[in-house]
Amino acid sequence: MTGDAYRNPSGRHPAVRRIMDLLRSPQLARAFTLTAFGAAFSAFALMRTAGRVATITIVVGLCILAAATLVARRRELSALRFLPTSLAAFVLWALASTIWSTDAVRTLGGWVALVGFGFLAVTIAHVRDTLQTVRALGDVLRALLGASLALEILSGLLLDMPITFLGIQGNIALGGPVQGIFGTRNLLGLVTVLALITFVIEWRTQSVGPGLAFFSVILAGTLAILSSSPTVLVLAVAVAAASGALMLVRHTAPEGRSFVQWALGAVVVTGLAIGYVARHPIIAWLGAGSDFSTRATLWNRILDYVASQPMQGWGWFGPWTSMDYPFFAINYDLRDTHQSALNALFDLILQVGWVGLLLFAAMAGIALVRSWLVASERRSVLYAWTPLILIALLVDSMFESFTLSGFGWMMLALCVVMAGQSRSWRETMDAADDTLPPAWSGEALPPLQG
């Protein structure tokens, strides 16, 4: 045995060991999480400033780093709990749609984008726990919302002119609507609601000081109001109602929780039915009559194209392209330039058919039930973050398609993976593996008895 081999029993070169130690370090995990969240939530601003190629390069570089990190941490990972089956099934169905797509190359490109942001989410879920994830997201959203408010003040009050390349119209002096660095008021509205959930969880868990928590909530609330997005009020009501229901369940004795859960489920179903029946007065009260009329016209036209390929759809693209069928045909018929179906469910039916919609619904529904049950049973309020984020994303899916691409899809995939790490058959399997005798490692049969 040589001297080098004696000093390094693993046989690895010292430089390789240093790289592996770096990839396994918590400092790199935090830096990766901050950068991944920052790139996802600021994708629109990156596209407008650095360009499409640079933005794609950043995401690809993060995916390479994520793969290297998971390889370095492979001994810490469980193959059973690495990826929920429902998430894998939906992604594979989107890939299968390249077979019947009208443009296989663009469909493959849309699928790669889906996998890219999803892979970043999976990596974050495995290298950071829930509290670390909440803290990282809170830091990123504070910075981006602060930059948004600063640019809106610069545009609307100091320069009194729009910042065209960022889509900022400079309407803050008029009380809105403002877009910040996110491109549209509805996208800004969704970000502010996700931020409010995150900031409140930070405050309740005392992971940040009370001053910073108060400032963060005021910042997100101010931009939510200035966005003048009609969906913000709906999202806020839904999240507030879910928070109240979750608080009720958490303060109920364990033997009575089952009854309360079923009662809340009945209330939700009844509320949805009433909301559907009273949808026209609600729309009028929100002042979104013209906006809803545009959506209804678009959805009716989409259903005409869905009828041709109802089960498999026209192929996964994500955000609509201007040159592919049936998107350009729908916009031509409506004399408009829609970039999505303005509803995630209609987009799913159009692109991956009823099969894709059912797979997506199963994925989101299972994750919501799992995370809700965990949050209702565990003492820390931290576990409420996952179901509340899921509820905000799913409610927003009724009005926009943000959950199917970019940071919306990344957050959805992150919550699905985090929910799948507990209250799953995988957890039972892992627990069973832990109780096996040391001789049983999966590589050799356990010794015979007697």
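Predicted model: local features only at pLDDT ≥ 70, side-chain atom pairs only at ≥ 80, totals over all residues.

Residues are numbered from 1 along each chain as its sequence is written, and side-chain values use heavy atoms, with hydrogens and water left out.

**Whole protein.** Display the protein as a cartoon: 19 helices and 0 strands make up its secondary structure. These elements are DSSP runs numbered from the N terminus (helices H or I, at least four residues; strands E, at least two). Of the 450 residues, 46% count as buried, that is, under 20% relative accessible area with a 1.4 Å probe, protein chains only (exposed is over 50%, partly exposed in between). Among contacts with a separation of 6 or more, 75% join residues 24 or more positions apart; a contact means heavy atoms within 4.5 Å.

**Helices α11 and α17.** Select residues 230-250 (α11) and 385-396 (α17); their axes come within 9 Å and cross at roughly 145 degrees. The axes are lines fitted to C-alpha atoms over the stretch in contact, with angles running from 0 to 180 degrees between N-to-C directions. Next, show the side chains that make the contact, including Val234, Leu235 and Ala238 of α11 and Leu388, Ile391 and Asp396 of α17. The residues of this contact comprise 9 nonpolar, 2 polar and 1 charged (Ala, Val, Leu, Ile, Met, Phe, Trp, Tyr, Cys and Pro count as nonpolar; Asp, Glu, Lys and Arg as charged; the others, Gly among them, as polar).

**Aromatic rings.** The structure holds 11 aromatic pairs. Rings of Phe, Tyr and Trp (its six-membered ring) pair if their centres lie within 6.5 Å; planes under 30 degrees apart are stacked, over 60 edge-to-face and the rest tilted. Select Phe90 and Phe360, an edge-to-face pair at 5.5 Å centre to centre with 65 degrees between the planes. Phe90 lies in α6 (residues 85-96) and Phe360 in α16 (residues 344-377), so this pair ties together parts 270 residues apart in sequence. Both Phe90 and Phe360 are buried.
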